[in-house]
Amino acid sequence: MVPTMVDVNKPSSGTLNREAFSKSKATGATIEFQSVRKAYGSVTALHDFSLTIHPGEFLTILGSSGSGKTTALNALAGFSGADSGDILIDGKSVIDEPPERRNLGMVFQNYSLFPHMTVFDNIAFPLRMRRAPRREINERVERVLEIVRLGALAKRMPRDLSGGQQQRVAFARAIVFEPPVLLMDEPLGALDLKLREALQFEIKEIQHQLGCTVVYVTHDQREALAMSSRIVVLRDGRIEQVGTPSEMYDAPKSRFVADFIGQTNLLAADLSKAGSVSISELGAVYRDAEFQARPGSWYASVRPEKLQRRPAEGSDIAVDVTVQEAVFLGDVIEYSARTAHGALIHFREQRRDRDRIPERGETIGLVLRPSDVVLVPDLSKAGR
Amino acid sequence: MSDGVAMPRDGKGAARGRRAPLSSLWLLAPAAVLFLFVFILPVGEVALWSVQGEAGLSAENYEAALGAGPYRTILFGTLQLSFGVACACILVGYPAAYFLASRPPRNRTLLLLLILTPLWVSVLVRTFGWIVVLGREGLVNSMLLGIGAVDGPLQMLYTRGAVYIAMVQVLLPVAILVMFSTMTTINRSLLMASRILGASPWRGFVHIFLPLSAGGAVNAWMLTFVLALGFFITPALVGGPKETMIANLIATQITLTLDWGLGSALGMVLVIAGFAVVGAVALLFRRVTTLSGHGGSR
């Protein structure tokens, strides 16, 4: 038994050692992607990728597999060149620099700890490669081990650590030389949910303390929402939308983003020349002059929590639905229900004390504010 | 799960799982039986012969084999030659194995097949090949004479050099194969990690790839060394009388002078010397060899 071992399953118990940050805040770097293009054979993995990442920002590149997110990260890391375009770090082009000259910290999906080195030697590796003096190496490794609370495990080999501990070592190794930029490639993908949430919190905390710019790659939209200051959604090698988590959730600009981030009901919408929006599956028609006669195919995105059981007022859209299923989740109840027009929709409500849960087959009235309907185009049909 | 249906209540289940279950030991039986009849019993018999003198048990055969004299010289010569051949195989084979292991898997198979083709040809034929190449009127001499680099044919056949070259050539594919298989277990993302953390390609190789592949190199060395110890045809055909190896000597004792006692003693000495060297090497490099198999693949 190791008494000092970290209990990583306790997210709220402050597993992070704040006092260990004695040094002043390092400043993160600015990263600019300028029309970066990369193809593998006939497949274009990244089309004209342009993006400016600000100092100290926590930017998440979100996308499913094959979306180009790893390609973008590898181009920044220097593992794969770009066919065209440029990448600048603090205004300096690094496109021709090998990875070891870019001064980036990186946490890999499988951690990539060196199996023949102890925890200490793994973390000391980037310092040794920079030919830091022995005393400085010892000091820095000890400090970073304190930050991730793994001091007692310094002499262990990676294979003797749990997944969460290995993740912490990988993280410590990436930040020990205080890089201005930290790259993370699905670093929490291999961990179970509870541990993942605990480490999300810790990573955010440490990033706040270090002040470095983080480029985080994931396919997990919840992770992206929880951690990022900004999110880039990539799809088929193109940027679908860039924005803060709340912008992405509240104001998705395409059907894909609306569907990808958070849960939503997507219902076909007709935009008339007269400026009315008709959502036939809800039996709803309302006016929205902004979307007057837009071309293409449009959808109404209605978040499940926007459909509410309350008296209708003003311009509210009333929708009668028949409950199909009620899923009890403790604080929240999730419903699936069918509208009178046959569409299956989902909604969710906070459970108040001793509320009666409507049963299957029961018809209930829901209310939706027109301003809570987000109209999104289906870009995949629009011929991008 | 109120009653621990799926979990052993006393926690003994976990401990039991870690022990090698006795019931699966029978899987070893066929190999063990074969090993008993074709190795342990014959070697035991040879060991018995080696300690039989004219009047019962005697150490006289070992005195003859190990005492100062030609036998001891040949024994040390054999160890020395095998040591050198094994080292040469590693030095020549390591870069080749590295090259193979860094190819994409599709090309790898074909290249590996090419490396292994020599193994399809018997050692005898390959050794005869060297006679053709290195002989007085062989390929090398004709060429050197042809371009006027030498005045007369060089004596290459029946030298220690010829034995070296032929033995390395025969054993090289084995060494490459062993090192290659270790190298393919090394996760390439470790090298990427080393680069992004500040290591040049060369330092990444030295600090990451080399230590992780060293186990394979040590294993390859031990294997080629042991195989070299028992070489018989090659030194007999391309080596001179000075390159007699202990295997040739044993054959002479058994088939010509019919001194089975001395032949057996020499055989036992060879087996023990081989074990000793391999054991020492394994012990010396045990940190390195335990790493292979942990090659960082996950």
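**Strands, sheets and a helix pair in chain A**

Let's start with one pair: Trp298(A) stands opposite Pro377(A) in strand β19(A). A quick word on what you're looking at: this is a predicted model, where local features need pLDDT of at least 70, side-chain atom pairs count only at pLDDT 80 or more, and totals for chains, interfaces and linings use all residues. Residues are numbered from 1 along each chain as its sequence is written, while chains are lettered from A and ligands numbered from 1 in the order in which they are written.

Strands here are DSSP runs of E with at least two residues, helices are runs of H or I with at least four, and both are numbered from the N terminus. Two strands pair if DSSP finds at least two bridges between them.

Back to β14(A). Four bridges tie β14(A) to β19 (residues 374-377), and the two run antiparallel. Strand β11 (residues 265-271) also runs antiparallel to β14(A), with five bridges; Leu266(A), for instance, has Ser301(A) as its bridge partner. So how enclosed is β14? Four of its five residues, 298-302, are buried, so the rest of the structure largely encloses β14(A). Buried means 20 or more other C-beta atoms within 10 Å of the residue's own, with C-beta atoms placed from the backbone.

Next, the open sheet of six strands. The order in chain A is β6-β7-β8-β3-β9-β10, and the pairing is mixed. β6 (104-107) and β10 (238-243) stand at the edges with a single partner strand each, so one side of each has no neighbour in the sheet. Inside that order, β3 (residues 58-62) and β8 (residues 213-218) run parallel and share five bridges, with Ile61(A) partnered by Val217(A).

There's another open sheet, with four strands in the order β2-β1-β4-β5 of chain A and antiparallel pairing. Its edge strands are β2 (43-53) and β5 (92-93), each pairing on one side only. Two bridges join β4 (residues 84-89) to β5(A), and Leu88(A) has Ser93(A) as its partner there.

Last stop, a helix pair. The axes of α2 (residues 119-129) and α3 (residues 134-147) of chain A come within 10 Å and cross at roughly 130°. Those axes are lines fitted to C-alpha atoms over the stretch in contact, with angles from 0 to 180 degrees between N-to-C directions. And who meets whom? On the α2(A) side we have residues including Phe120(A) and Leu127(A), and on the α3(A) side residues including Ile137(A) and Val144(A). Contact here means C-beta atoms, placed from the backbone, within 7 Å.

Notes:
Buried ≥ 20, exposed ≤ 12 C-beta atoms within 10 Å, placed from the backbone. Contact = placed C-beta atoms within 7 Å.
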